[in-house]
Amino acid sequence: MEFKNDNNLLICKNLSKIYFQGNEKIEVLRNINIEIASSSKLAIIGSSGSGKSTLLNILGTLDKPTSGDIYINNSNITNLSDRNLSKIRNKNIGFVYQAHHLLNEFTAIENILLPSLILGHKKEYSQNKAHELLELVGLEDRYNHKPSELSGGEKQRVAIARALINNPSFILMDEPTGNLDEISTNKIISLIEQISNNSSSSFVIVTHDMNVAKNMDSIFLLENKELQKLWAKKKLKFFKFIIDRLFKSQSSFTLSSIVLKISIFSITLAIAILIPVMSIMNGFEFEFKNRILNLVPHSTIIFDQPTQ
């Protein structure tokens, strides 16, 4: 994960979450550690009931951890009052849910500009920004339509535009494509990619859709109350970087340099082969399977269901 702006980070340290039902103690999250950089795209996967939405709500300051700390832009926000958390949330965090949560009485542009008005911006500024965002998500001709007049994919794109209105540092998405067909899902994936490439906003996406997950920069698995990083694009880019440096350098190809280059290339290749093997040995079959999925995009991978 590349850090384009070290001051624009969300960091969680040793987060845990415990609920109590009567005398019963229910541990949901245990010692969660994660750092989210600017312009990064991160997917969190896991079985239903594993605590993904709970983690997302804690990251979005909608819920508080039982223990641990949360830092936004290097400031510890863990123990702030609800009022101050609300201000931070409205300014720094955008939300997109599986259900769009648009207000049915308002038009698309009115739904988008509301968070800007709440933050204190003038109506003219908010309207202009909302129009820009409607154009960004490809719905400039739907600005005066109410949610009942929009398709499911269009509603979700309006929800994304609403999440962007205050230029948030982080956009948190909970199953954003869960109710969409394949065509609409692909449009959402392309839109996320476009926004990420042209802004410093970072995406954290909880999803069951492997097509969404494999398009992120990194993938985390929440399992047995703990979070593990399974895969990152940067790991694959490392080997391409090494090979480019070895065989595209301007140095002369003497016998000794050729032998050295071949030796280093052999070591690099051996490491590349060992990564999927070691991943499988450590139980990270997902990483290897998704590399195959990237090579064969139309293949279908069936994951074993967890035993009860």
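In which kind of crossing, left-handed or right-handed, does α3 pass α5? The crossing is right-handed.

## The model

This is a predicted model: local features need pLDDT of at least 70, side-chain atom pairs count only at pLDDT 80 or more, and totals for chains, interfaces and linings use all residues. Residues are numbered from 1 along each chain as its sequence is written, and side-chain values use heavy atoms, with hydrogens and water left out.

## The chain as a whole

The protein chain has 10 helices and 10 strands. Both are DSSP runs, numbered from the N terminus: helices are H or I with at least four residues, strands are E with at least two. Of the 308 residues, 43% are buried. Buried means under 20% relative accessible area, exposed means over 50%, and partly exposed lies in between (1.4 Å probe, protein chains only).

The accessible surface is about 17000 Å². Carbon and sulfur atoms hold 53% of that surface. The area comes from the Shrake-Rupley method with a 1.4 Å probe. Among contacts with a separation of 6 or more, 69% join residues 24 or more positions apart. Contact means heavy atoms within 4.5 Å.

## Helices α3 and α5

Two packed helices are described by the angle and the distance between their axes. Helix α3 covers residues 108-119, and helix α5 covers residues 152-164. Their axes come within 7 Å and cross at roughly 25°. That makes α3 roughly parallel to α5, a term for angles under 35 degrees. The axes are lines fitted to C-alpha atoms over the stretch in contact, and angles run from 0 to 180 degrees between N-to-C directions.

From α3, the contact uses Ala-108, Asn-111, Ile-112 and Pro-115. From α5, Val-158, Ala-161 and Arg-162 take part. Five of these residues are nonpolar, one is polar and one is charged.

Glu-154 also lies in α5. Glu-154 is buried, at 12% relative accessibility. Beyond its neighbours within four places in sequence, Glu-154 is in contact with Leu-139 and Arg-142.

## Two loop residues with positive phi

Most residues other than glycine have a negative phi. Ser-39 has a positive phi, near 60°. Ser-39 sits in the loop between β2 (24-36) and β3 (41-45). Its relative accessible area is 10%, so Ser-39 is buried.

Asn-167 also has a positive phi, near 50°. The loop between α5 and β7 (170-174) holds Asn-167. At 53% relative accessibility, Asn-167 is exposed.

Technical notes:
Parallel < 35°, antiparallel > 145°, perpendicular 65-115°, else oblique. Left-handed = near helix turned anticlockwise from the far one by under 90°. Nonpolar A, V, L, I, M, F, W, Y, C, P; charged D, E, K, R; others polar.
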